[in-house]
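Q: Hi! Could you walk me through the charged pairs in this one?
A: Happy to. Let's bring it up and go through them together.

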Amino acid sequence: MNFKNNIFVSAVAMIDVDSRILISNRKNRKQFSNCWEFPGGKIENNETPDACLIRELKEEINVDVSKSCIAPIGFSTSSYSEFDITLLLYICRKWIGTPLPLEGNDIKWIVPKDLKLHKMPEANSSLIPILLDLI
């Protein structure tokens, strides 16, 4: 039997005052090159999904988010040749700071209807209908 790595990821749909959503693109990435995604990252050992998200947002886009300002809205699973991903998606409408790409990412704010126009990994794109129902 061939076992693959299981990767657990916390990500967030940040919604600004104009109801736009922040998406991120890691250009120099081996997997999912030129794909847009919701900001977030891998959950480390002994880390909760919400603690991961708070840490990743500070590291990736230099914003501070309180646990009370994020809420889980859904999850997805995707299987790839080398690994499986479980993505836990949160929503956030309040944070401190202005998002700035700190790790070579591109970031941009888009209106919800434009989400489907951006190439995303399946784990992210499968959650778009849930997100659009909430906005």
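Q: Which residue forms a salt bridge with arginine 55?
A: That would be glutamate 47, and the closest N and O atoms of the two are 2.7 Å apart. Keep in mind that this is a predicted model.

Q: Okay. Is arginine 55 buried or exposed?
A: Arginine 55 counts as buried, because its relative accessibility is 18% and the cut-off for buried is under 20%.

Q: And glutamate 47, buried or exposed?
A: Glutamate 47 counts as buried too, with 19% relative accessibility.

Q: What about aspartate 50, what does it pair with?
A: Aspartate 50 forms a salt bridge with lysine 67, with 3.1 Å between the closest N and O atoms. Aspartate 50 sits in helix H1, while lysine 67 is in the loop between H1 and strand S5, so the pair ties together parts that are 17 residues apart in sequence.

Q: How accessible are those two?
A: Aspartate 50 is buried at 11% relative accessible area, whereas lysine 67 is exposed at 57%.

Q: Switching topic: what does lysine 58 meet in a salt bridge?
A: Its partner is aspartate 64, at 3.5 Å from N to O. Lysine 58 is partly exposed at 36%, and aspartate 64 is partly exposed at 37%.

Q: Which residues are linked in a network?
A: Salt bridges link Glu44, Glu47, Arg55, Glu56 and Glu59 into a network.

Q: Last one: how many salt bridges does the structure hold?
A: There are eight salt bridges in the structure.

Conventions
Residues are numbered from 1 along each chain as its sequence is written. This is a predicted model: local features need pLDDT of at least 70, side-chain atom pairs count only at pLDDT 80 or more; totals for chains, interfaces and linings use all residues. Side-chain values use heavy atoms; hydrogens and water are left out. A salt bridge is a side-chain nitrogen of Lys or Arg within 4 Å of a carboxyl oxygen of Asp or Glu. Buried means under 20% relative accessible area, exposed over 50%, partly exposed in between (1.4 Å probe, protein chains only). Helices (H or I, at least four residues) and strands (E, at least two) are DSSP runs, numbered from the N terminus.
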